[in-house]
Amino acid sequence: MLFAKLVDIYQQAGFAIRSSISPFMLKTISNVSSEDGTFTYIVKDGANYGAHGGGISMSEVYLIDSLAAAFKPANVFGIGCSFGWSSVALAVANPAAKVVAIDIAEGTSAPGLGLTNQIAARHGLNLKGLIGRSPEDVPAIVERELGGRIDLVFIDADHTDTAQYADFRAVAPYCHPGTVYLFHDVYICQTTASFKRIAAEMVTHDGVVLTRTASGIGALIPKSATAELRGAIAAFADPFCVVPL
Ligand SMILES: C[S@@+](CC[C@H](N)C(=O)[O-])C[C@H]1O[C@@H](n2cnc3c(N)ncnc32)[C@H](O)[C@@H]1O
């Protein structure tokens with residue numbers, strides 16, 4: 001029900017959701033070249049509020065939903081909050097967790113942080129959207145807000161190899177062998193080189209590109225994961241479409 005809950009939450013905040021539309025159908029409703037119908041946008045009065053920072057797709061919301069059934073993180077940290085879609089999903093799916101997501105809050109992500117916090121207050125979610133730039137602001141925020149410990153991390157900010165690796169290095173000191181890492185857009189933004197490097201360095205985890213998610217999320221699964229947790233993540237990697245690491 002997570003996707004339906006999110007649609008309702010944003011509708012209550014006054015936004016219509018545009019998400020997970022076939023690229024063939026998108027051509028008939030939008031001519032904004034930066035939009036990819038696969039991902040999620042919030043629309044009010046005909047204007048696309050998150051055009052430069054689309055939210056995760058329905059398949060990725062389903063991954064968060066599945067993960068939450070198999071894994072109970074206490075502290076969740078996100079880099080790249082935008083208008084809050086993935087952060088709200090993480091908070092709704094993990095009601096016992098504290099969720100903190102940062103964003104540089106430039107362009108459309110500036111009002112997006114406000115919206116995220118407004119939604120958190122309205123629905124009683126343990127979620128904070130904060131202004132912060134990765135990697136430099138990560139240590140202070142993680143120490144202050146999460147007591148220096150991250151159990152689930154969702155990285156979805158600047159999609160270059162350099163930035164993705166820097167985001168990983170920033171969070172790694174606060175993670176542990178049981179932390180689950182998700183890197184959005186690894187395949188679609190071709191940040192596979194840095195993801196391969198990260199996966200090779202992480203001897204406590206197994207790296208896999210989740211080719212059944214719209215963006216090709218890179219996941220680091222703890223080697224100590226239960227069969228249920230491993231299955232909940234690995235089900236999103238298609239055996240006919242494997243990204244070699
Ligand atoms: C694709 S959007 C995130 C979408 C969000 N995760 C979701 O699914 O709802 C990427 C966001 O990362 C932010 N960003 C870019 N570089 C960043 C950095 N160095 N530190 C923190 N946020 C950053 C951008 O402002 C933008 O809002």
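What order do the 3 strands of the open sheet have, and which pairing do they show? I looked this up before anything else, keeping in mind that the model is predicted.

I find the order 1-2-3 for the 3 strands, with antiparallel pairing. Strand 1 (16-19) and strand 3 (47-48) stand at the edges with a single partner strand each, so each has one side left without a neighbour in the sheet. I then looked at how strand 1 meets strand 2 (residues 40-44): the two run antiparallel and are joined by 4 bridges. For Ala-16 I note Val-43 as the bridge partner in strand 2.

**Entry: domains**

I looked up how the chain is divided, and the assignment gives domain 1 (2-48) and domain 2 (58-234). Their centres, taken over C-alpha atoms, are separated by 22 Å. I count 12 residues from domain 1 and 16 residues from domain 2 in the contact. On the side of domain 1 that touches domain 2, helix 1 (2-12) and strand 2 are the elements that give two or more residues. Helix 1 gives the most there, with 5 residues.

**Entry: nonpolar core**

Next I checked the largest nonpolar core, which has 73 residues. Leu-6, Val-88, Ala-89, Val-153 and Val-171 have the most contacts inside this core. Helix 4 (residues 85-93) gives the most to the core, with 7 residues. I also note that domain 1 and domain 2 each supply at least three residues to this core.

**Entry: strand 7 and its partners**

Which way do the residues of strand 7 (residues 152-155) point, and are they buried or exposed? I find Leu-152 and Phe-154 pointing one way and Val-153 and Ile-155 the other way, and all are buried. Strand 4 (residues 75-79) runs parallel to strand 7 and is joined to strand 7 by 4 bridges. Val-76 has Leu-152 as its bridge partner in strand 7. Strand 7 also pairs with strand 8, in the parallel sense, over 4 bridges. Here the partner of Val-153 in strand 8 is Tyr-181. I traced the chain from strand 7 through helix 7 to strand 8 and recorded this β-α-β crossover as right-handed.

**Entry: helix 8**

I looked up burial along helix 8 (residues 192-201) and found Ser-194, Phe-195, Ile-198 and Ala-199 buried. These residues cover an arc of only 140° around the axis, which puts them on the same side of helix 8. As background, an α-helix has 3.6 residues a turn, so residues three or four places apart point the same way. Ala-193 and Ala-200 are exposed, on the other side of helix 8. The cover over the buried residues of helix 8 includes helix 7 (161-171), strand 8 (180-183), strand 9 (205-210) and strand 10 (217-222).

**Entry: Thr-191**

Last, I looked at Thr-191, in the loop between strand 8 and helix 8. Is Thr-191 buried or exposed? I have Thr-191 as buried, because 25 other C-beta atoms lie within 10 Å, where 20 or more is the cut-off. Not counting residues up to four places away in sequence, Thr-191 touches His-159, Thr-160, Asp-161, Gln-164, Asp-185 and Val-186. I also checked Thr-191 against Val-242: the two are 51 residues apart in sequence and 15 Å apart in space, C-alpha to C-alpha.

Technical notes: Residues numbered from 1 in each chain as written. Predicted model: local features only at pLDDT ≥ 70, side-chain atom pairs only at ≥ 80, totals over all residues. Pairing = 2+ DSSP bridges. Core = buried A, V, L, I, M, F, W, Y, C linked by C-beta atoms within 7 Å. Buried ≥ 20, exposed ≤ 12 C-beta atoms within 10 Å, placed from the backbone. Domains from an automatic or database assignment. Arc of directions from axis to C-beta. Contact = placed C-beta atoms within 7 Å. Right-handed = clockwise from strand over helix to strand, strands pointing away.
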